[in-house]
Structure formats: structure tokens, C-alpha cells
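User: I would like to learn how to read a sheet and a pocket in a model such as this one. Could we begin with the sheet and then turn to the pocket?

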Amino acid sequence: MAKKKDSEKHEDGQKGGKHNKDDADANELENFVDDITDEELLGDVLQKRPKVSDGVDTVIIVDGVPQVNPERFDKLKVVITKIFAQFGKILNDYYPKTENGHTKGYIFIEYEKHESALEAVTQANNYKLDKQHTFLINLFSDYKKYNEIPEKWEPPTVQPFPERPNLQYFLSEPDAFDQYYVYNINNHIEVWLNSNPQPTKLVEREKWTESLIMWSPLGTYLATLHKQGVVLWGGPNFTNVLKLSHRNVQFVDFSPCEQYLVAYAPLDNGEQKLTIFDIRTGAEKRSFISDAPMAGNILRWSKDDKYFARIGHNTLSVYETPSFGLLDKKSITVNGIRDFSWSPRDNVLAYWVAEDKDVPARVVLLEIPSRKEIRANNLFNVADCKIHWQKAGDYLCVKVDRYAKIKREKGDVKYSGMYFNFEIFHMREKNIPVDSVEIKEPIHAFAWEPIGSKFAIIHGEPSNNSVSFYNVKSGQAPVLLKKLDKHFCSHLFWSPAGQYIVIAEIRDSGALEFVDTADFTTMCSTEHYKATDIEWDPTGRFVATGVSAWKTKGDTGYWIWSFQGRILNRFNTNTYCHMQWRPRPPTLLSAKQQKDTKKSLKKYTSQFETKDKMRMTKASKEVIDKRRKLMKEFEEYRSKRLEDWNKQKAERMAIRSHIDTDELDSDDKNVQVEKVEFLVKEEVTVVD
């Protein structure tokens, strides 16, 4: 409603000489006090208003630039642009000059995004352009902070040291029982101790995570994902150890030594943001923006956390820590690179390159940081390759899918006459010799023995698979040890300690076969119907099989078996989704100490058996005591009811005309006994 002018208000006020409603409103407005802040009223609008730092947070100052004359200025600008354009889109650049047109030795560069400016400061600071010029880079916004440094320095106040809980407490469990978590529907999480004879529940929490939960590689932390970021839990009570802010995080990955954590999150424009955090300090070390799908974004770490690598377009980029800069400040150009993998023992990269017209495919072993090719193997008629390292790093297997004919139609490639080769690289031998195993049948699974030199293959037609076991020895080609024919299976699961393997079919029937590869005897053949997951515990003593509610609707739950295939516990629940054993760090014992311990196990067998019997006796006593308590409660309840029933007998007799019907034989007059006979069985004997 439009406001009246002051003259109109004055005229209205004099009409009739009475105090009207408009005068009352005017008086109220004069005394009105607005107690609502702009932030409460227009919070969403004020967030978008320009800030003083918006214009300077994207600007960097580069000092240490060569001072050149006008004739060399264009060349300098090309070099500078090439160096700094790799961090993001440059909107403007300014080169201050003297009256003669010579550059002054420093420049201003404005990026489109603040993240690009930050990366330029992090990565290009102390960059050596030549022997005489080294870049010193700062954000323009930092100069205000540096100019306001007080003249009198005051030491910072000592902050109390926040003590962390014992993150390795689970390793001191006296009976070496392992832990595992169970993920249920509605993000209900349980942590169990696999004690004997029944597992013990340690922790149970609702809504502990919003999407994903996982153990760190050495079992130190339990990571949960939330909309705001990642939380790491640890200690006996699983207390909050560290929070890492990373909005909309969908996946996390730890470095092998647990020094760093990588968080993956999608951006609004369809790209992916990868951020590396230092786990000890929680500091963000570096981030990457990529338009590749999540599977292509995974950063892969060397075994000692000193390096990590990622694939780009025809490039392999290797970064070093703790600087998080490119190794030798440049990526490795590899045309046609498809995949790569680090050795689990040495700083060696294995990658393969696809065929290109007449150029064959190649498998290359690259030593880091020297970038020296220590072995390369050419391959022909290659459709695909898969890289499989043995856990100890002594051998590398490259599964090569080969074809007899190839046909290209409208951009689609079709292969026919497929056959398969397993290229075995002997990493510990001189010049790294390569042996080949050829199999003409379709391959369904491949798995190295974690501790040992054997590997297993499932091959053949789906209805008539075979499982072949090979052994690799130094200086010899792989030898076929055993071939198990007519096996309905799809997956191989080696024990972490080696020797034992579970051959499973987890697509339909859930068939399980526990095999001892020392003599290839089948210890047990059984099944967990419609099993979807199988996982060994870190010591190789137990196997867990599960039917996940994520993949099926009936008979969900998980079972725990011994390594010999004996069922120990069944947990059937309609809410079960996933379980994962808590990993253990590598043993600190030497190979000789481990060997001596295995030899002396007989000395401790009697102690272990006695302890197991005591534990079982204790469990039996607890069950007996519980049953006795229930029986006593039942007898007390029954005696009270009988007492009440006897007190009510007179009332029952009055209702039933004083006829006692409490017992069947108490009323002979009204009870008639009849005998009924019927044929149960008829036998006919024929005598010749």
C-alpha cells in the first residue's frame, strides 16, 4: 500500500478533530525498534554479496622473474604463461615495467578460481627457471597479513596436548581374537570380537555412517563417510580421532602406511575432486580436479607412501611426498597407456600400452624415481591385459587376452578366436626373465598364493569348469601341479597365510570347497546357499561367508567357518548387508623367527588345548546356570498357579453341581471308556 504524504496525513488528522488509525500507526513507527538483523532476514542473499577478498584471492604475485628488455618481453611472456597455465585458467596478467620498458622482476597473475591460485603457490614456489632465477610466489591477499605483523613479537600460548587413545590396542588381545564389523540396513553398525566359543559384541551404534564404512589398511582406524566429510575412529571405545572436511564425499582410500587419506567427491559440473589429507595433522596436502569417471581417478600409492601416481591422457604422472609435486617436475609421456600397478614390495611400476596399428602392445616395468625401464615385453594380437602382483613382489603375472581375428564396424571392435596367455615375470632373477602359460579356454578367475609361489586359475565352460594349480620356481617355467576337473565354481579365495584355498561358486548355489594345496586334498565340500561374499580373517584361521541384503532378499546373514571348513557360528538376520575383518599390520618377526615358532608349536599345544577346554567348560557352566535359573523361575511360577487353582476348587464344584471334574477318573458315572482298535501294519509272508 502506497504511503501518504505528510500534507495528506495532516489533513486527515484534522477531519472531525478525532485521533484516527493512521495517527496511531505513525506513532508506532516512530517508536519502532528493528531487532531482526540483516543476516537473519536476507541470509541467503548476503552470502552472495561481493567480498573484499573475492578479487585478490585469485591473484598471485610472482617474484624472481627475469628482467628483460622490450625485444625479449614476448618470449618471456610465452614461457611464464606455459608454466602457470597448467594450474588453471588465467584471466589477466600484469608485468610492471620501468620507463625504458624493462620488466621489474615481478608480475601479477589472476586466475579464474581461488583453488588454481592456491595450487600455483603450492606447486610453483621455489621453481627454478634457470640458474639465476627462482620463483617466489605468494597470494596477493597474504600481503595484507604480512604488513600487519606487530613490531613486538609475542610467543604463542602453549596448547594442551590432546592425548589420543591407544590405536593399536587390538593387537594386545591375549588370545589373538580378531575383530570385524557388521553393516546392517539403515546404517546400523556392530563391531564384534571373534571370541571362542561365541563372538562378543564390542560396540553397537545407530547411524554411525551415512554411506560407507571401512577399516584402514593396517587396522588402526575405522573410517565413516558423512555429507560434511570423513571421520576416523579408533581406540578401545572407538572414539572420534579425526574429522576431515570434504563435502559430498563418496569414497575414501588410504595410503598403504596410513600416512595419507584420499577423499573423492563429485562436483556440480560433473567433474571429480580428489583431495589428499595428512592423517596425523588433518591438513589438506593437495587436490586434483578431473573429468574422468571415479574408476579412472584412483590415486595409486607405492608400498612406502613415498610416491603416488595417476593416469592422464597418454601420460603417467608420478608425485612424491611430502612435497606432493611431480617427480622431476614433469609427467611421463606414454602413448596409449591403459593401466598400471605398483609392486607391493619395491618402488617399481608395471604398466601396459595398447596396440596401435603396426606397433605391438607392451608391458613395461619402470623403476622409480630413476624412471629407468628395467624390463619391457612386446605382445601381439592383444585385446586386453590385467596386472596381478604376487603379495611378496617376487613375481608378476600379466593376463593377456589375445585374439585370432579382429573386425571393426562403425567404431565397434569385435574379437574372435580368443585365447589367453599368462606372462610370468621373475622379479628376483637377473634381467627379469619371462615365462608364458597359454590356455585356450575362457578364464574365469586368477589368484596368487599370498605367501608362496603357487597360483590358481579357473578355466573352461561355465557348466564344466576346471581349476588348475601352477608352481613357479627360480630359473624354471611354471609347472602344473594339479588340475581339478568338473568343478562348478566362479571365485578363488586364498588364505592370507597361504597353503589353504576356498574354491567357491558365489553367483547362485553358494558351493564351497576347502582345499589343502600341500597335497591337494579336499578337507570339506559344503555350501552357503546364495552366498554373495567370502572373506578370510587376517590370520588365515577363519573364513566368513555372507548373503547380503543388497544383492538378495532371502536367507540373509553371515556364517563363520574354520579354515578346514567346519561351521562354527551362524548369524541369520534380515538386516545383514556386509562384514569386514579388521586388518593386522605385518608381523615384526623375521622369517627365521617365524620358522622357529612353527617348529615349537607342539610345546604350546597342550597349553592351548587346556585353555580351550576351560573356556568351553566356562561357557557350558554359564549355559547350565542359565538353564537352572530359568527352571527355578518356572517351578516357582507353577507352584503359585497350582496354589491358586486349589483355592478355587470349591467355586468350580458349585458351578458344576458339586461334580468333581478335575481328574478324568473322579466322575465314574459320566465317563464312558471305549476301546478302539485299528490296523497299524499288515505283513504278508510267502513260503515256497
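Analyst: Two strands are taken to pair if DSSP finds at least two bridges between them. Strands of a sheet pair through backbone hydrogen bonds, and they do so either parallel or antiparallel. In this predicted model, 4 strands form an open sheet in the order S31-S32-S33-S34, with antiparallel pairing.

User: Which strands stand at the edges of this sheet?

Analyst: The edges are taken by strand S31 (443-448) and strand S34 (479-487), and each has a single partner strand, so one side of each is left without a neighbour in the sheet. Direction ignored, neighbouring strands of this sheet are turned by 15° against each other on average.

User: How many bridges join strand S32 to strand S33?

Analyst: Strand S32 (residues 454-461) and strand S33 (residues 464-471) run antiparallel and are joined by 8 bridges; glutamate 461 stands opposite asparagine 464 in S33.

User: Turning to the pocket, how much space lies in the second largest pocket, and which residues are closest to its centre?

Analyst: Rolling a probe the size of a water molecule over the atoms shows where empty space is left. Here the second largest pocket holds about 1,800 Å³ of space, and of the 47 residues that line this pocket, Gln86, Phe87, Glu119, Gln123 and Arg286 are the closest to its centre.

User: Which element gives the largest share of that lining, and what is the lining by class?

Analyst: Among the elements that give two or more residues to the lining are helix H5 (70-84), helix H6 (114-124) and strand S15 (284-290), and the largest share, 8 residues, comes from H6. By class, the lining of the second largest pocket has 20 polar, 15 charged and 12 nonpolar residues.

How values were computed:
Residues numbered from 1 in each chain as written. Predicted model: local features only at pLDDT ≥ 70, side-chain atom pairs only at ≥ 80, totals over all residues. Heavy atoms only, no water. 1 Å grid on protein atoms, 1.4 Å probe; cavity = no way out; pocket = protein on both sides within 12 Å on 5 of 7 lines; lining within 4 Å. Points joined across faces, edges and corners; volume = space filled by probe spheres on them. Nonpolar A, V, L, I, M, F, W, Y, C, P; charged D, E, K, R; others polar. Axes fitted to C-alpha atoms, helices over the stretch in contact; angles between N-to-C directions.
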